[in-house]
Amino acid sequence: MSLFNELKRRNVFRVAIAYSIISWLIMQAGDTLAPALHLPDWVNSVLVFFLLLGFPLAVFFAWAFEMTPDGIKREKDIDREQSITHKTGRKLDRTIITVLALLLIYFAVDKFYLQPQAQQQTQQQLAEANSAVVVEEAVEEASPSVAVLPFVNMSDDGANEYFSDGLSEELLNLLAKIPELKVAARTSSFQFKGQTGDIDTIAKQLKVANILEGSVRKSGNQVRITAQLIKADDGYHLWSETYDRTLENIFAVQDEIAAAVVDALKITLLGATAPVAREANPEAYALYLQGRYWYNLTSKENSVKSEDAYQRAIDIDPDYAAAWAGLAMATLHRAGQGWIELEGGVKEARKAAERAVALDPELALGWISMVKMDGEYGWNWTAADEHMQKALSLEPNSIDVQSAAGRLAGSLGKLDQAVALFRQASAMDPLNQRGINAFAGILESAGHLQEAEVVVRHLYALNPDYEGIHSTIAWILLRQGNAAQALAEAEKETDEFWGGLIKHLSLYLLGRHVEADAALAIFVEKFHAHGAYQIAESYSWRNQADEAFKWLNTAYDQHDPGMGSLLKDRTLTNLHGDPRWQPLLDKMGLLNAWNEMPARHKGAAQ
């Protein structure tokens with residue numbers, strides 16, 4: 001008898017088929033039950049390992065042994081005339097047919113009932129989250145509200161664009177200091193720069209009742225500023241005025257316009273006067289505006305231009321506190337991105353921040369730069385909180401202050417507070433793309449994954465080219481367990497660092513460990529100098545605690561600013577029970593904050 005016929009006679013093929021089908025069913029059950037029982041990922045890996053190990057054993061036993069009425073016997077001890085393998089084969093055939101029928105029923109139920117129901121539930125959850133966002137954003141404030149649109153540059157010299165933008169921004173900042181007045185933030189109102197849309201439509205998008213717009217014509221030392229306040233719903237002009245001034249008294253013009261707007265809106269200032277602009281050298285002021293302009297464009301090249309503009313403003317006016325604060329933030333940004341040497345950059349930024357608060361203790365921007373310095377980069381959380389309280393006392397309605405408070409609360413594990421602060425900041429500045437991105441991040445950290453997805457997809461709808469948008473979407477999908485979709489998004493990411501990180505995390509979660517190992521090795525080789533914290537995240541994701549702590553200690557030694565995210569980082573929750581976790585937090589000055597965190601914010605990372 002040939003080998004094939006002998007394998008067939010001994011039911012080896014039938015056993016192999018039956019074993020494969022039953023193993024597949026067991027793996028499907030594991031995929032379903034493991035998340036429901038909050039089992040770690042390695043449970044399914046172990047299950048698959050033993051099922052694979054069992055296959056050759058099942059085939060071997062089918063070849064070497066036979067089921068008989070007297071029990072299991074070695075095949076060589078059975079007389080061929082007494083063999084009942086043909087009967088056993090028919091039983092195996094019936095078993096295989098039965099299991100296949102059950103599989104067919106399962107696939108039918110899954111395709112026509114379970115999947116549509118799950119999709120409907122997901123869509124309903126997304127719709128509810130989106131509805132909650134829309135409803136919350138639609139709530140109108142009882143107090144008067146205004147948006148300051150970018151004043152139009154009517155000058156012959158296009159370079160004066162900085163001046164007209166800067167004047168608009170300074171007016172916005174002055175009005176924002178009035179507690180009774182709701183003012184749309186700069187990033188949202190400046191979305192309409194150069195547009196000629198309907199005033200009512202713009203006002204509805206910015207969620208304000210009034211619009212302040214105008215134009216600037218600058219020639220040499222002379223400037224003509226025209227401003228008008230419009231009631232959005234009917235287009236009625238509440239107030240308008242034209243100012244012909246020289247640059248020497250440009251700050252007085254800002255004060256006049258702010259006071260006129262306040263009067264036109266009939267704001268009760270509780271006996272206070274309208275806020276007053278800080279005066280500065282006009283040339284230094286123009287350079288300061290350029291610095292803010294380039295800083296908001298975020299790229300490596302623009303960050304150099306921003307730092308240079310701030311420095312030139314300081315060279316002209318060494319006592320210009322706002323320029324010092326701007327220089328501190330620009331330098332910190334470059335150092336944090338790895339574009340300049342970290343330690344040296346942080347030292348220079350600290351000098352600038354300390355100079356800013358020394359020159360003008362009433363400047364909130366200076367205190368915000370100190371919050372970032374002592375928090376994310378200095379790990380002196382007590383000092384950072386003191387600086388934050390000072391900034392809040394000075395400008396509680398500032399979007400910059402609200403966002404800084406949200407970031408600090410997140411670093412200290414106060415995730416509910418951070419969500420509330422970013423939610424408030426988002427309402428103040430609904431079109432601020434940086435703010436939307438930060439809001440999505442803190443929602444993810446706090447476990448609000450459905451709302452986080454709604455918010456980040458809203459950001460994508462606003463700007464499909466937003467820097468890092470695909471890795472942000474991918475990260476939220478990954479946290480939801482949608483590794484395949486996350487990998488697809490990671491493949492679209494143009495940023496090599498964040499795209500590479502999400503890619504190997506997704507591959508690992510998909511069980512494609514060989515590919516994941518190769519991708520992680522490439523990531524480590526390329527980014528070990530300034531990506532130690534993210535490498536630690538990768539090993540924690542794999543539940544490889546020794547490697548994770550090794551890289552966390554490297555990040556600590558390198559003073560990696562990512563270490564300020566320890567308490568809100570869900571990729572590190574696999575390390576929470578390790579005896580090395582709390583000593584690390586103690587070194588970071590975060591142990592007390594950790595102990596005060598609610599248990600629900602210390603949940604499973606995956």
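Predicted model: local features only at pLDDT ≥ 70, side-chain atom pairs only at ≥ 80, totals over all residues.

Colleague: Then let us turn to charged pairs. How many salt bridges does the structure hold?

Modeller: The general idea is that side chains of opposite charge can pair when their charged atoms come close. In this structure there are 25 salt bridges. One of them joins glutamate 444 to arginine 479, with 2.6 Å between N and O. Glutamate 444 belongs to helix 17 (residues 433-445) and arginine 479 to helix 19 (residues 469-479), so the pair ties together parts that are 35 residues apart in sequence.

Colleague: Are glutamate 444 and arginine 479 buried or exposed?

Modeller: Both glutamate 444 and arginine 479 are buried. Helix 19 also contains threonine 472. Threonine 472 has a relative accessibility of 19% and therefore counts as buried, the cut-off being under 20%. If residues up to four places away in sequence are not counted, threonine 472 touches Asn437 and Val456.

Colleague: Which residue forms a salt bridge with lysine 526?

Modeller: The partner of lysine 526 is glutamate 496, and their closest N and O atoms are 2.3 Å apart. This pair links distant parts of the chain, since lysine 526 lies in helix 22 (residues 513-527) and glutamate 496 in helix 21 (residues 496-509), 30 residues apart. Lysine 526 is partly exposed, at a relative accessible area of 47%, and glutamate 496 is likewise partly exposed, at 47%. Elsewhere, salt bridges with shared partners join Lys231, Asp233 and Asp234 into one network.

Colleague: Where do glutamate 348 and lysine 351 lie?

Modeller: Both residues are in helix 12 (residues 342-359), at a separation of 3 residues, which is about one turn of the helix. Glutamate 348 and lysine 351 form a salt bridge in which the closest N and O atoms are 3.6 Å apart. Glutamate 348 is partly exposed, with a relative accessible area of 47%, whereas lysine 351 counts as exposed, at 53% relative accessibility.

Colleague: Which residues of helix 23 and helix 24 make the contact?

Modeller: Helix 23 contributes Ala532, Tyr533, Ile535, Ala536, Tyr539 and Ser540, while helix 24 contributes Glu547, Ala548, Trp551, Leu552, Thr554 and Ala555. By class, the residues of this contact comprise 9 nonpolar, 2 polar and 1 charged.

Colleague: What lies in the loop between helix 23 and helix 24?

Modeller: Asparagine 543 is found in that loop. With a relative accessibility of 39%, asparagine 543 counts as partly exposed. Distance in sequence and distance in space should be read separately here: asparagine 543 and threonine 571 are 28 residues apart in sequence, and their C-alpha atoms are 9.7 Å apart in space.

Notes. Residues numbered from 1 in each chain as written. Heavy atoms only, no water. Contact = heavy atoms within 4.5 Å. Helix = DSSP H or I, 4+ residues; strand = E, 2+ residues; numbered from the N terminus. Nonpolar A, V, L, I, M, F, W, Y, C, P; charged D, E, K, R; others polar. Salt bridge = Lys/Arg side-chain N within 4 Å of Asp/Glu carboxyl O. Buried < 20%, exposed > 50% of the residue type's maximum accessible area, 1.4 Å probe, protein only.
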